[in-house]
Amino acid sequence: ALVILFWTRHYFAAHTLGGQVSLGLIFGGILGNLLDRVRVGHVVDFLYFFVIRRDGGEAGFPAFNVADSAICVGVGLLVILSWKEGSSPPVPSKTET
C-alpha cells in the first residue's frame, strides 16, 4: 500500500500543504505499523477504551495505536480536501478571440 500511495501521490493534492500533511500522516502510520510487524511480528495495539456496564460486562471500542490514528486522520483530511476541491466551481479558461 505504501509503494502504491507513493507512486500515485500526485492524485491526492500533494502540491498543497494539507495534502502533504495528510499523506505524511498516512505514510507515517503505515511505516509505524510495518515497523511493528518486522520488529515484534504483529502490530502492537495499546489504546483500548471501554465502559463497564451495570450487568458486569463491558462495551468497548476496538484496540488501536497511534499509527492507526494517524492513518485515519490522514485519510479523513484527504476526504475533506477532495470534497473541498470538488465543490468549487471550475474556473473558465481565457481564450483569445
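How far apart are the end C-alpha atoms of H2, and what span should its 23 residues have? Keep that in mind while we look around; the model on your screen is a predicted one.

**Start with the whole chain.** Colour it by secondary structure and you'll find three helices and two strands. Follow the sequence along and the pattern reads α-α-β-β-α. There are 97 residues here, and 19% of them are buried. As for contacts with a separation of 6 or more, 43% link residues 24 or more positions apart.

**Next, select 17-39.** That's helix H2. Time to settle the opening question: at 1.5 Å a residue, H2 should span 33 Å, and its end C-alpha atoms sit 32 Å apart, so the two agree. Now pick out the buried residues of H2, among them Gly-19, Ser-22, Leu-23, Ile-26, Phe-27 and Ile-30. Look at the spacing as you click through them. An α-helix has 3.6 residues a turn, so residues three or four places apart point the same way. Further along H2, Asn-33 and Asp-36 are buried too.

**Step off the end of H2.** Click Val-40, which lies in the loop between H2 and strand S1 (50-52). Val-40 counts as partly exposed because its relative accessibility is 36%. Then try Gly-41: just after H2, this residue takes a positive phi of about 100°.

**Last stop: the surface again.** Select Val-40 together with Val-44, Phe-46 and Val-66. These residues make a nonpolar surface patch of about 340 Å².

How values were computed:
Residues are numbered from 1 along each chain as its sequence is written. This is a predicted model: local features need pLDDT of at least 70, side-chain atom pairs count only at pLDDT 80 or more; totals for chains, interfaces and linings use all residues. Side-chain values use heavy atoms; hydrogens and water are left out. Patches are made of residues with over 30% relative accessible area and no salt bridge: like charges are joined within 9 Å, nonpolar side chains (Val, Leu, Ile, Met, Phe, Trp, Tyr) within 5 Å. Accessible areas come from the Shrake-Rupley method with a 1.4 Å probe; for residues, only the protein chains shown count as cover. A salt bridge is a side-chain nitrogen of Lys or Arg within 4 Å of a carboxyl oxygen of Asp or Glu. Helices (H or I, at least four residues) and strands (E, at least two) are DSSP runs, numbered from the N terminus. Buried means under 20% relative accessible area, exposed over 50%, partly exposed in between (1.4 Å probe, protein chains only). The expected span of a helix is 1.5 Å times one less than its number of residues. Contact means heavy atoms within 4.5 Å.
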